[in-house]
Amino acid sequence: MAFRNVNRKRHIGLQQLSSLASIGRTLLGPTKLYKFIIDVSTCESVLACSAVRLLESLDLTSAVGQLLNDTIQAQNKEYKTGMTTLLFLVGAWSSAVLECLQQNIPLPVIVSVMSEGLNSCSEKVHCLQLSVHDLYKGPTSVPIYFSSSSQGPQIIENKASIGSNHFRNPLVHVCEEVPVFKEEGVPEVPHSHQVSWWDPHNRCLNSYLCTTDYRIPTSVESADNKTMPAVPGSRLIASSINKRTRLTHSRYFNTLEEKHSLHEDDNFGGPPNRSAACPSKCNDFGHLAVALSHGNQSSMKLVQDIVRCQQQVADHTGTFQFNIAEVVTCCLPGLSETDSCVCPGYVTLVSSEKATVIRQLQDHQLQILLVDGDLTEKYRHLGFNGPSNVQIISENVDLQKSSSGSLWLNCVLDILIQSKVNLILVKGNVCEILMERCILNNILIINPVSLNVLHAFGEVTGVQLVTYLSQVNSHCVGRGVWLDFWRTGDLSKIELDNKVLISIKAEGIHLVTVVLGSTVSSKMQVTEDQFWACAYRLHHALTDQKVFPGGGAVELWCLSHLQKLEEQSLKQADKNPSGEFDMSSPLLSTSLTQYKPVVLKALANGWHQYLSRVMFNTANYASEFEASISIKHHLKKIADCGCPSAYILREFNKGDKAMADCDFSNEHEAVKICDNVTPKVEAWRRALDLVLLVLQTDAEIITGPKRNQLLNSPGSSEFVFL
Amino acid sequence: MSRIEAKKPSLCTSEPLTKEVVSYSLSVLSGILKSCYGPTGRLKQLHNGMGGYVRTTSQSSVLLGGLSITHPVLKVLTASVQNHISRFSDCGLFTAILCCSLVENFQKINFAACTVTKISRHLLSLCIDYLKSEACVCRIAVDFDSIKTLLSLVHSVLASKPACMLNKTETNHISTLVLKAFLLTIPHTVETNVVLGRCVIVPVKDKRVMDSTVFPGLLIEVPAFQLARTFPIKRISSSTIKMALFCISMSGDISNTGEGTVIVHHGISLEVAVLDQLLSLGKQLVNDQVGLVVCQKVIHPSLKVYLKEHHVITIDRIGVSMMEPLSQMTGSQPIASLHSLSPTYYGSLKDLRTESFGSKHFLHLIPSDTLVCSLILCNRNEMAWDELKVACQTAEHVLQLTIKQPLALLGGGCTETHLASYIRHKSFTLPTSALKAIDCSWTQYQLVADAFCHSLECVARCLEHDDCEILTDTVYGHFWSVQSEFPSDCNWSDLVLKCGCGIYSKQQNLNWRVLQSQCTPFTPQSCSNESFVNSTDHLVLDCFTAKCSGLQVAVETANLILDLSYIVEDQN
């Protein structure tokens, strides 16, 4: 066992943390700089554009590096967004803590003040939340909740301190002010559905749902319309094509032809699960989506298309949710990025040997079988342990000629032919010979297919998954599935690496495939990550039913809040020694009052750095210094104004470029940027937790065989060996 | 060709404690343990240096389990502490630090080991007798009518584990949940033989701590797809669902074929035979109106489909740890055979529901008489979750020990300093008859007693890791801490606020002195004036049983280590 002490004043762990995190600085904000990570020994390189990929590709052997990676991965696993924020704040706060250590501030004081400070911020920052419903309505209608009701900072604090649940629902406020939604001036367009209903407030709202219900004939459309032959009866395909072409001309989803009216639905706060509960039929996410795109509009457009797609299916089935679990991606390196699109059903690459079968099957309604396992003779389900000591003997010589392999093959083929199956989706491997024999029999086998795809088809066709083909009976064979080659806008079939793209659809299937293209194949991963980031941002916004005003507004508010706490603690220093920061150890209350303002300032410094870096990265400022001055300017104005949240929301509504807002919008429409609530607050907490964890660590204990290696290494003097 | 190597002779080391390497290793180990102690204890990163999992911890159970100690003397120490932890969960660091300090301090006085042993045993019995007597003023009775003391106990356990990364609200939330879960495991009717139920910790990692919650009954995680298609559950009556619990594999494999070879004729498939047997078992289950089949291991997919078609819910791969609570809760006996199904094996449930928790989905098994509950424990990452889990288990164990002996000791270093004052006083006034009985001189006794008290105070001192001075008062003998850089003309009563356990606030009539400084012995008292006793805030409390045992283990182990005269190592 080797044991290393970490020097207190120059805490090695924190230094490592701060230098590791500093590599992610340029990834912050909407304009990211790519990074090449090159392995010197193998000359392989990776292109990384997010904190997760960056850390994944680095060789993090140190304990602190691993902890950092674990923290980032945990955030990624739960939220899929906020990792870069986390990484940056880890760096900023660890250097802030190092400065505190330099000033001889006792460690428990740093830990307690910092965590209480962050706590106070994340509890009270909820007063900035915007309800997603407001954002449906477009940029002009985001209300300033406190402009009418705020009498000063105290009142806001009282309100917020009751807890976010008791916080007044801004939606109600909006409804009172804007009673009729027809104000929006929805142009009369040809539409197929007109839905009206009564809302809880007894107001009749009209909805113009633009489900492009075009009946596309089987034949090829005129070239300028850029459609393709479609399977008869498949409305879904038609509309998705229509949408795709439209999107090349339109900036936003809600262009004139598809301005959707909206309605509020008080039906939120449902159980949070994988599928974000959307207000039913409320489908114009245009402004919300743009606000959450964070400079990635092409990806966000795909997400909007998914919403549209799922909405259309929901129109038939009744319930609509933005269900991120029923979205899969299909990455096509080499394909142009403009060909990226959203297709209902399942799109995948299959080897071109199967093209003949596909051609045979493409205009027919198919019978489908879903196999949750391998299609090989030797395959057994998980947990099955075959005995090793069984010997099979035979008295008949003839029988032994036909090997058990071909026996199994014939048996399996018989089952497939008898049950008239045309298409088999298999989760695992498939025996090569079986695959060939099936092709001869006009049966297409596709593998590997992920479990959620299998279940999506299972659900829509109402059949059960089978593990073995011997289980097949009439309950296991689904009907109503269609197969086709997938084509780009100009009708060309896609062939990549001797593989063809096919799409499989079923009437009413919820599954949506996002076909992602990237002309630069090394950017493929980045493109996919960016798509998922957008999808999850929308998912979280809908799950939370609220968003933060983005572009640094929240961080700015936190800065002003910390400033206020700092002033309070300076005043309190004479009067009440413990204040709101109650200490477990009585000793510390004295040093607490002494150091509290300094530590709070250090915490604020982290956010200040973050904010100025974001502002600098968005290229509105020539230097971080200039950005920092601008932040100070804002803080001063906030202090003068007296009510931080009102000030910030006002600036947000103005679309003030002086804030870290950045200019993606066109000239006429200032686009608001929004951030997720829970992922952001959680990223802060995780970042600070990691810094404080490393801060409180004073020794590294290395066990196992590494000991001898360390004993002989030049750095062995640092270690104590037991 | 075989090579015969001569056996190496065994290595014998005499007087191991006098060797520099041993005392050095011992001081390093005690340094590691001391720095971990208490709510502001420093954390340790345990890893293998080769990219393995990094565990950040300050808990003795994890730390001692992770250290790879080779030296026999250190092994004696860690083994007895680990044994203490396995029995009591709590007070592991206290035991280890006290043992290290005792060894160090006894070595300094350099007496014959037997003398030290005799005197320290006597001192130990003084301590234990005092702690167990009614006269003891550093313990309080636990009142089960209110949850305040119990909550303090749990809170103290959780607050002393900084690697859980809980803030104040979160600590309170988890304390309440642990206590709630514990109360659910207590039977409503008390008979002669009280058996506590079980609390099963269900991991939900990467979520917020505040999302943690307690459910009566058991939660078993199932894949989301399984929940997607639920069907009406088959019930015997409106509040009874019959269930069968299997502890053997139902995957259809042919196990236990024994040694040798099984010869099977061509055309006969063993697998098909077993599957047929499984299906006929399924038929019987359906006939017996079983609504839920749970298997510890895997259920064959064909059997699953068969049961599903007959509206029987199946849950498989629940693992061995769930078997006992499940069987306890439902009254079902684990079935270990595929042949004989007796109706007596079946158990029953009141209801079955589904719960979703973040991305995880659970079947909620609700028994009619619940003594089993599930604590859904969330924490932001794997490492912090692991640490929190151990802390919660410790807290639960502490509550179980407290229900057996409803006493708690004042924590935060107060019991240690109080006990040291008591022993100083007792040894000073020891009658000569007692000295004769243990056959030692008064001076010898005083020196050993001093080392003993010094060690106790040393443990208390380890609670503070930052620049501060530890004081003790001369009335109660409690633990008080002040910042070290105080002005020389300053009055101590201006600096102190509360004692370590939080029971006393500062009073004018108190005198303080620096801990471990020379003083005249005094009898520590309890407070007569109620107004100084804190009754609103949480006290810091320790588990009585665990601390008493820790004290005994530490003294006995220290005696054993001091008594070591030879180490014989087999070098082959």
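In the predicted model, strands β2(A) and β3(A) form a hairpin in which six residues lie between the two strands. Within the turn, C43(A) has a positive phi of about 60 degrees. Strand β2 of chain A comprises residues 35–38 and strand β3 of chain A residues 45–48; the two pair in the antiparallel sense over four bridges. In this pairing, I38(A) stands opposite S45(A) of β3(A).

Helix α1 of chain A spans residues 12–22, and its buried residues are G13(A), L14(A), Q16(A), L17(A), S18(A), L20(A) and A21(A). The cover over these buried residues includes α3, α4 (83–102), α23 and β22 of chain A. Of these elements, α3, α23 and β22 of chain A also give two or more residues each to the side of chain A that touches chain B.

Between the two chains, 63 residues of chain A are in contact with 69 residues of chain B. On the side of chain A, the elements giving two or more residues are α3 (63–79), α5 (107–124), β13 (390–393), α17 (451–461), α20 (588–617), α23 (678–696), β22 (697–702) and α24 (706–712). Helix α3(A) gives the most, with eight residues. By residue class, this side of chain A divides into 26 nonpolar, 26 polar and 11 charged residues.

Strand pairing also links the two chains: β22(A) and strand β2 of chain B (residues 43–47) run parallel and are joined by five bridges. Here I702(A) stands opposite H47(B) in β2(B). In a regular strand, side chains alternate between the two faces of the sheet.

Chain B is divided into domain 1 (12–138 + 410–569), domain 2 (143–216 + 377–405) and domain 3 (218–257 + 266–369). The C-alpha centres of domain 1 and domain 3 of chain B are 53 Å apart.

A helix pair was also examined in chain B. The axes of helix α4 (residues 92–109) and helix α15 (residues 442–461) of chain B come within 8 Å and cross at roughly 145 degrees. The crossing of α4(B) and α15(B) is right-handed. From α4(B), the residues F94(B), I97(B), L98(B), S101(B), L102(B), N105(B), F106(B), K108(B) and I109(B) take part in the contact. They meet L447(B), V448(B), A451(B), H454(B), S455(B), C458(B) and V459(B) of α15(B). The residues of this contact between α4(B) and α15(B) comprise 11 nonpolar, four polar and one charged.

Technical notes:
Residues are numbered from 1 along each chain as its sequence is written. Chains are lettered from A and ligands numbered from 1 in the order in which they are written. This is a predicted model: local features need pLDDT of at least 70, side-chain atom pairs count only at pLDDT 80 or more; totals for chains, interfaces and linings use all residues. Axes are lines fitted to C-alpha atoms, for helices over the stretch in contact, and angles run from 0 to 180 degrees between N-to-C directions. A crossing is left-handed if the near helix is turned anticlockwise from the far one by less than a right angle, and right-handed if clockwise. Two residues are in contact if their C-beta atoms, placed from the backbone, lie within 7 Å. Ala, Val, Leu, Ile, Met, Phe, Trp, Tyr, Cys and Pro count as nonpolar, Asp, Glu, Lys and Arg as charged, and the others, Gly among them, as polar. Two strands pair if DSSP finds at least two bridges between them. A residue is buried if 20 or more other C-beta atoms lie within 10 Å of its own, exposed if 12 or fewer, and partly exposed in between; C-beta atoms are placed from the backbone. Domain bounds come from an automatic or database domain assignment.
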